[in-house]
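Colleague: I am new to reading protein models. Could we go through one together, feature by feature?

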Amino acid sequence: MTVTIYQSTKFDYAREQYYAEAGGHTLLRLTCGNLAGELGGAIKSATARDFDAAPVYRNPEELAAAMRLSVRNLGGRTQDVSIEVDGKGRPFGEITLPGSRDQLVEALHLLADEMERNLSRPLDDAHKSGFSDLRELYDDLCHAVGEPVYLSDGLYLGSDGSLFE
């Protein structure tokens, strides 16, 4: 199983930030420190991708649950992962950690690797479904998670990336 870590510039409030791709999806984000230069950081399950990055995992609830399970499998506690909601109403898991940038990047890699193991079957199925680009479009356009998005001429986009009339 391969995890790749990339540097990101998605958020202006973080000095350094990264995202982890595994199994053909962006699974996690890491923000290191803050603009005041304080150490530590936060790892979050991904709800949106960076430009030219792999698509995010299609089910944010399942991704957050896999994050909790993976933290527990790595010796943490499931309650260490808080479940929050982003600006578009999508749930995500978040864990804050002390440490240097190198320690946080290593934690990001370990957690993404464990999550890929826990999600490996669904990740393969999602990649084969052909809906990943449309699922991303849904994430960009949705106003309420789970509700279909009206496109035009009676055509709707479902939360799974399917098109229907």
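**Reading the helix and the sheet**

Modeller: Start with helix α1, whose 14 residues should span 20 Å at 1.5 Å a residue; its end C-alpha atoms lie 20 Å apart, so the two agree. The expected span is 1.5 Å times one less than the number of residues. Helices here are DSSP runs of H or I with at least four residues, strands are E runs with at least two, and both are numbered from the N terminus.

Colleague: What kind of model is this?

Modeller: This is a predicted model: local features need pLDDT of at least 70, side-chain atom pairs count only at pLDDT 80 or more, and totals for chains, interfaces and linings use all residues. Residues are numbered from 1 along each chain as its sequence is written, and side-chain values use heavy atoms, leaving out hydrogens and water.

Colleague: Which residues of α1 are buried?

Modeller: First the general idea. An α-helix has 3.6 residues a turn, so residues three or four places apart point the same way. In α1, the buried residues are P60, L63, A64, A66, M67, S70 and V71. They cover an arc of only 160 degrees around the axis, so they sit on the same side of α1. Buried means under 20% relative accessible area, with a 1.4 Å probe and protein chains only. The arc is taken from the directions from the helix axis to the C-beta atoms.

Colleague: In what order do the strands of the open sheet come?

Modeller: Strands of a sheet pair through backbone hydrogen bonds, either parallel or antiparallel. Here 6 strands form an open sheet, ordered β1-β2-β3-β4-β6-β5, with antiparallel pairing. Two strands pair if DSSP finds at least two bridges between them. The edge strands, β1 (3-7) and β5 (82-85), each pair on one side only.

Colleague: Which strands does α1 touch?

Modeller: Helix α1 (residues 60-73) packs on the sheet and touches β3, β4, β5 and β6 (91-97). Contact means heavy atoms within 4.5 Å. The direction of α1 makes about 30 degrees with that of β6. Axes are lines fitted to C-alpha atoms, for helices over the stretch in contact, and angles run from 0 to 180 degrees between N-to-C directions.

Colleague: How many bridges join β3 and β4?

Modeller: β3 (residues 25-32) and β4 (residues 41-45) pair in the antiparallel sense over 5 bridges. C32 stands opposite G41 in β4.

Colleague: How many residues lie between β7 and β8?

Modeller: This hairpin has 2 residues between its strands, and D153 in the turn has a positive phi of about 50 degrees. Y150 has Y156 in β8 as its bridge partner.

Terms used: Buried means under 20% relative accessible area, exposed over 50%, partly exposed in between (1.4 Å probe, protein chains only).
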